[in-house]
Amino acid sequence: GGYIFESGKVPCCVDQRGADPVVENDSQGEYLFAVAELWRHTQDRALLERHWPKVQKVVAWMEALRQSERKPDADARFKGLMPPSISHEGYSDKPAYSYWDDFWALRGYKDAVQIAQALGHTTDAVRWAVSRDEFAADLAASVSATAEHFHLDHIAGAADRGDFDATSTTMALNPAQAAGLAPGLLRATFDRYWTEALARIEGRKAWVDYTPYALRTV
């Protein structure tokens with residue numbers, strides 16, 4: 001937590017120059033998940049107490065990001081999502097409304113609530129649970145609106161691109177456990193991935209790149 005910015009922004013990485021300020025909106029959720037996961041495995045209350053001041057700042061930063069996209073006239077594809085970023089390496093050409101960021105944010109909200117509950121901060125837990133549920137609803141609505149906009153039968157990788165990226169969409173299942181996503185879109189996403197994987201294995205589809213990310217689909 002020593003490299004988190006005073007604003008609550010979590011750096012995408014840390015190198016010899018210190019915390020990197022590049023905008024990557026998965027970082028907040030990843031930090032909250034890491035803290036909560038450590039606690040779930042160790043039950044180390046002192047660890048939670050040490051991180052609690054940072055947890056509050058990180059949730060506030062994430063909440064500000066969410067609200068910045070929650071304007072009354074916002075397109076349903078983008079309403080309430082994390083703003084565009086390049087955290088997904090495939091979008092390094094131009095920041096995108098990446099669902100990768102949003103699934104991490106959802107996990108972060110869930111874990112922030114658990115952390116607050118574990119420490120007995122009931123008011124924060126209740127307030128963050130409202131944000132968690134509102135964000136989950138906006139995210140599910142966005143996924144469906146994006147599919148409709150681009151005439152897709154699967155979940156897109158990014159709300160503004162309408163692409164196919166099942167290895168990113170795995171985040172919806174684990175660790176985000178995103179309930180409320182259209183079941184048909186979710187099923188079709190991995191049906192297509194399976195079909196394309198078979199085609200590669202059997203030599204019917206040319207391919208070059210392999211990334212370890214593909215293991216998440218297993």
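A: A residue counts as buried under 20% relative accessible area, as exposed over 50%, and as partly exposed in between. The model is predicted.

Q: Then is arginine 70 buried, exposed or partly exposed?
A: Arginine 70 has a relative accessible area of 25%, so the residue is partly exposed.

Q: Which side chain does arginine 70 meet in a salt bridge?
A: The partner is glutamate 134, at 3.6 Å from N to O. This pair links distant parts of the chain, with arginine 70 in the loop between α2 and α3 (99-118) and glutamate 134 in helix α4, 64 residues apart. Glutamate 134 is itself partly exposed, because its relative accessibility is 27%.

Q: What about arginine 66, which partner does it have?
A: Arginine 66 forms a salt bridge with glutamate 63, and their closest N and O atoms are 2.7 Å apart. Both residues belong to helix α2 (residues 45-68), where they sit 3 residues apart, about one turn of the helix. Arginine 66 and glutamate 63 are both buried.

Q: How many salt bridges does the structure hold?
A: There are 16 salt bridges in the structure. One of them joins arginine 132 to aspartate 133, with 2.8 Å between the closest N and O atoms. Arginine 132, at 22% relative accessibility, is partly exposed, and aspartate 133, at 43%, is partly exposed as well.

Q: Where does lysine 110 lie, and what is the nearest side chain of opposite charge?
A: Lysine 110 lies in helix α3. Aspartate 133 is the nearest side chain of opposite charge, but it is 8.1 Å away.

Q: What does lysine 110 touch, then?
A: Leaving aside residues up to four places away in sequence, lysine 110 touches Arg132, Ala176, Gln177 and Ala178.

Q: Changing topic: how many residues of α5 are buried?
A: In α5, 7 of the 8 residues are buried, and the helix is mostly covered. The buried residues are Ala166, Thr167, Ser168, Thr169, Thr170, Met171 and Ala172. They pack against α3 and α6.

Q: How many residues does α6 have, and how far does it reach?
A: Helix α6 (residues 183-201) has 19 residues and spans 27 Å from the first C-alpha to the last, close to the 27 Å expected at 1.5 Å a residue. Among its buried residues are Leu185, Leu186, Phe190 and Tyr193. The cover over the buried residues of α6 includes α4 (122-150) and α5 (166-173). Just after α6, glycine 203 adopts a positive phi of about 75°.

Q: Last topic, the cysteines: how many disulfides does a search of the whole structure find?
A: The search finds 0 disulfides.

Notes. Residues are numbered from 1 along each chain as its sequence is written. This is a predicted model: local features need pLDDT of at least 70, side-chain atom pairs count only at pLDDT 80 or more; totals for chains, interfaces and linings use all residues. Side-chain values use heavy atoms; hydrogens and water are left out. Helices (H or I, at least four residues) and strands (E, at least two) are DSSP runs, numbered from the N terminus. The expected span of a helix is 1.5 Å times one less than its number of residues. Buried means under 20% relative accessible area, exposed over 50%, partly exposed in between (1.4 Å probe, protein chains only). Contact means heavy atoms within 4.5 Å. A salt bridge is a side-chain nitrogen of Lys or Arg within 4 Å of a carboxyl oxygen of Asp or Glu. Lys and Arg count as positive and Asp and Glu as negative; His and the chain ends are not counted. A disulfide is a pair of cysteine sulfur atoms within 2.5 Å.
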